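Grab a pencil and keep the viewer open. Below are a few exercises, each followed by a solution worked through in steps.

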Amino acid sequence: MSRPALALVALLAALALAHPAGDAAAQASDAPSRDPRNWPTVTRLVQDRFEQAGRVVTLRVHARRTSYYNCGYRGTEGQLMAFTLLGGPLETLTGYMPTELGRILADSLERDPWAPITVQVRFDPARLSELCPDQVDILKWSQGWQYPDGSLPPGRPDPTVGPRHAGLDASADKELWDGLMGRKRRHAGVETEGLEVGAHVQLTAGARLDTAYHCVFKGADRTHYALRLHNAKGDFAHAYVPRTPAARALMDFVALHRDVALSVQARVVKQALSHYCRPQLEVIGWTLPEPAP
């Protein structure tokens, strides 16, 4: 991700945490300019891009010019201009539009780099990619954030379901996290990675949506949802949930609240003879946090 994109991400992350969601007064006075509040979130759109391909979606974003042309858009520099679109905390797309239209947007952003922009985008069915999952066509754009009926999420993020409110204690699962991170340990003079492929494990972790599919789950975009589990201390693991209606509801819950405490039951998988691939988890069950009183 480019430096401008990282700056955009940092700003929106700060804005998203600017006030407690449980503060009714803050919610009532919350101006639309504080958060684009796209629903479905950008990551949920990327996760469902194969079934959403061709559909036109309206998003509220900040934008930056970029020079990223890859996968289905490789070699289009002469016809299309590329922009990084930030549609929520830590959520970006790369959008492409005809050069003539793109120059007008680029000129507008020169005058106001933080201008709120409303765009209509779509995943081009002919350019869908597993390597570059976040690429879209920009069909239209306009100044300001537009909030048509039905465009807002069904609720506000609830900080009480987040991992920092759920008493995560990484030390209680240190051996498991060592294994998931691929850290070798010594027991009685014997070096071990501590995780047996095929073993069933249970852990409580922070959970965020993800779009990374690699190693055992490379190419599993259509069969599994992706989660990034973390222990709030820098350790993380890639976990994959088979696509079912119940799993879709889970993804929507995580998308709305952005980072939730989640107890999962999972099977350890790892690509054979690979030093690059760490152990991954295939989720076979989960328990959502109790709602706040």
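This is a predicted model: local features need pLDDT of at least 70, side-chain atom pairs count only at pLDDT 80 or more; totals for chains, interfaces and linings use all residues.

**Exercise 1. Getting an overview**

*Solution.* Residues are numbered from 1 along each chain as its sequence is written, and side-chain values use heavy atoms, with hydrogens and water left out.

Step 1: Buried means under 20% relative accessible area, exposed means over 50%, and partly exposed lies in between (1.4 Å probe, protein chains only).

Step 2: Helices (H or I, at least four residues) and strands (E, at least two) are DSSP runs, numbered from the N terminus. The chain has 7 helices and 12 strands.

Step 3: Now look at contacts, meaning heavy atoms within 4.5 Å. Take the contacts between residues at least 6 apart in sequence: 66% of them join residues at least 24 apart.

**Exercise 2. Tracking down the disulfides**

Find the disulfides, and say which parts of the chain each one links.

*Solution.* Step 1: A disulfide is a covalent bond between the sulfur atoms of two cysteines. Here a pair of cysteine sulfur atoms within 2.5 Å counts as one, and that rule gives 2 disulfides.

Step 1: One of them joins C71 and C132, with the sulfur atoms 1.9 Å apart. C71 sits in the loop between strand 1 (57-66) and strand 2 (80-88), and C132 in the loop between strand 4 and strand 5 (135-143), so the bond ties together parts that are 61 residues apart in sequence. The link is right-handed, with 60° about the S-S bond. C71 is partly exposed at 21% relative accessible area, whereas C132 is buried at 3%.

Step 2: C215 and C277 form a disulfide as well, their sulfur atoms 2.0 Å apart. This pair also links distant parts of the chain, 62 residues apart: C215 is in the loop between strand 8 (200-210) and strand 9 (224-230), and C277 in the loop between strand 11 (260-269) and strand 12 (280-287). The torsion about the S-S bond of C215 and C277 is about -90°, so this disulfide is left-handed. Both C215 and C277 are buried.

Step 3: Count the bonded cysteines along the chain and you get the pattern 1-2, 3-4.

**Exercise 3. Walking around the barrel**

In what order do the 5 strands close into a barrel? Then find the helix that packs on them.

*Solution.* Step 1: Two strands pair if DSSP finds at least two bridges between them. Follow the pairs around and the order is 8-9-10-12-11, with mixed pairing. Neighbouring strands of this sheet are turned by 55° against each other on average, direction ignored. (Axes are lines fitted to C-alpha atoms, for helices over the stretch in contact, and angles run from 0 to 180 degrees between N-to-C directions.)

Step 1: Helix 7 (residues 245-257) packs on the sheet, touching strand 8, strand 9, strand 10 (236-242), strand 11 and strand 12. Its direction makes about 45° with that of strand 9.

Step 2: Zoom in on strand 8. Strand 8 and strand 9 pair in the antiparallel sense over 5 bridges, and L209 has L227 in strand 9 as its bridge partner. Strand 8 and strand 11 are antiparallel too, over 8 bridges; there, V201 stands opposite A266 in strand 11.

Step 3: Back to helix 7. Its buried residues include L250, M251 and V254, and helix 3 (42-47) is among the elements that cover the buried residues of helix 7. Just after helix 7, R258 takes a positive phi of about 75°.

**Exercise 4. One threonine up close**

Is T118 buried or exposed? Describe its surroundings as well.

*Solution.* Step 1: T118 is found in strand 4 (residues 117-122). With 4% relative accessibility, T118 is buried.

Step 1: The T118 side chain reaches the backbone oxygen of G144 at 2.6 Å.

Step 2: Leaving out residues up to four places away in sequence, T118 touches several others, among them T58, R60, W141 and W145.

Conventions
A polar contact is a pair of N or O atoms within 3.5 Å; within protein, one must be able to donate a hydrogen and the other to accept it, and residues adjacent in sequence count only if both atoms are side-chain atoms.
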